[in-house]
Amino acid sequence: MPALSAAGSEPRREALEPLEGTWPHALSHEPLLRVSDVLALVQTEFPALSPSRLRFLDSNGLVCPHRTASGYRQYSPADVERVRFVLRQQRDHYRPLSVIAGHLTALDEGRMHEAVVPHAVDQRDAFLSPDDLATAASMDVEVVLTLEGEGVIAQAVPGRFDRAVVPLVVAAGAFLAAGGSTRDLLVLGRAVAREADAAKNAGAADRAKGRDAQADASTRARLDATVSLFSAWVHAQVDR
């Protein structure tokens, strides 16, 4: 079959060698991004994109991210561009999912071509340098470096932190400023890790069966209950 252009209307005469993997082949397929990261990258162009919409694309085989052992979706830069492609096809050309799936297969096999615009996979809005993270959290960069050194936060990609850690940096910085030590912070961190695992396990059964909405609700309910209990318990001890 001749190769097609991105628009699908100008067949190219020369035959191409089959490509390995999925389109876009030149982008990283390493699953570094969470659902929140994908939303941060794509919602500027597609404000209606939501977690449920991403789940829909996955369930229909259009964009199939990596799944962690707990069932959470993790996306690669290549997955993000596939999301953009699907949404553009729907918005600009009103194409049904079956046609879009065919286009993706053609892109995967090298029979169709679609240019990847550099800014489409730009991650600078989702990730922050240590200085930018400190500015976003209204903290000195030394606090950020201390938290990283103690393992409280970690770089999501080389030299940059996920924007989602800003609230944690704010809270941890306030804790240290109020007289808490890094040792106390790490003790609390171990307790937090245990409770986070328990919250994930609360939704694991539903997630394994593909019931993501129910799994999210169970996890959120356990998290909210844990936070409320911790706050009430600490205040009860102080107010004795």
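This report describes a surface patch, a helix and one threonine in a predicted model.

Four residues, Leu 188, Phe 230, Val 234 and Val 238, together make a nonpolar surface patch of about 360 Å². Helix α10, which covers residues 212–238, gives the most to this patch, with three residues. An α-helix has 3.6 residues a turn, so residues three or four places apart point the same way.

Val 234, one of the residues that make the patch, is found in helix α10. Its relative accessibility is 38%, and Val 234 therefore counts as partly exposed, because that class lies between the limits of 20% for buried and 50% for exposed.

## Helix α3

Helix α3 is made of the 17 residues 77–93, and at 1.5 Å a residue it should span 24 Å, which agrees with its end C-alpha atoms being 24 Å apart. Of its 17 residues, 13 are buried, so α3 is largely enclosed by the rest of the structure. After α3 comes Tyr 94, a residue whose phi is positive, near 55°.

Thr 22 has its place in the segment before α1, the helix of residues 35–42. With a relative accessibility of 34%, Thr 22 counts as partly exposed.

When residues up to four places away in sequence are not counted, Thr 22 touches His 29, Arg 82 and Asp 108. The C-alpha atoms of Thr 22 and Glu 109 are separated by 7.7 Å, although these two residues are 87 residues apart along the chain.

Conventions: Residues numbered from 1 in each chain as written. Predicted model: local features only at pLDDT ≥ 70, side-chain atom pairs only at ≥ 80, totals over all residues. Heavy atoms only, no water. Patch = residues over 30% accessible without salt bridge, like charges linked within 9 Å, V, L, I, M, F, W, Y side chains within 5 Å. Areas by Shrake-Rupley, 256 points an atom, 1.4 Å probe, with all protein chains shown as cover. Salt bridge = Lys/Arg side-chain N within 4 Å of Asp/Glu carboxyl O. Helix = DSSP H or I, 4+ residues; strand = E, 2+ residues; numbered from the N terminus. Buried < 20%, exposed > 50% of the residue type's maximum accessible area, 1.4 Å probe, protein only. Expected span 1.5 Å × (residues − 1). Contact = heavy atoms within 4.5 Å.
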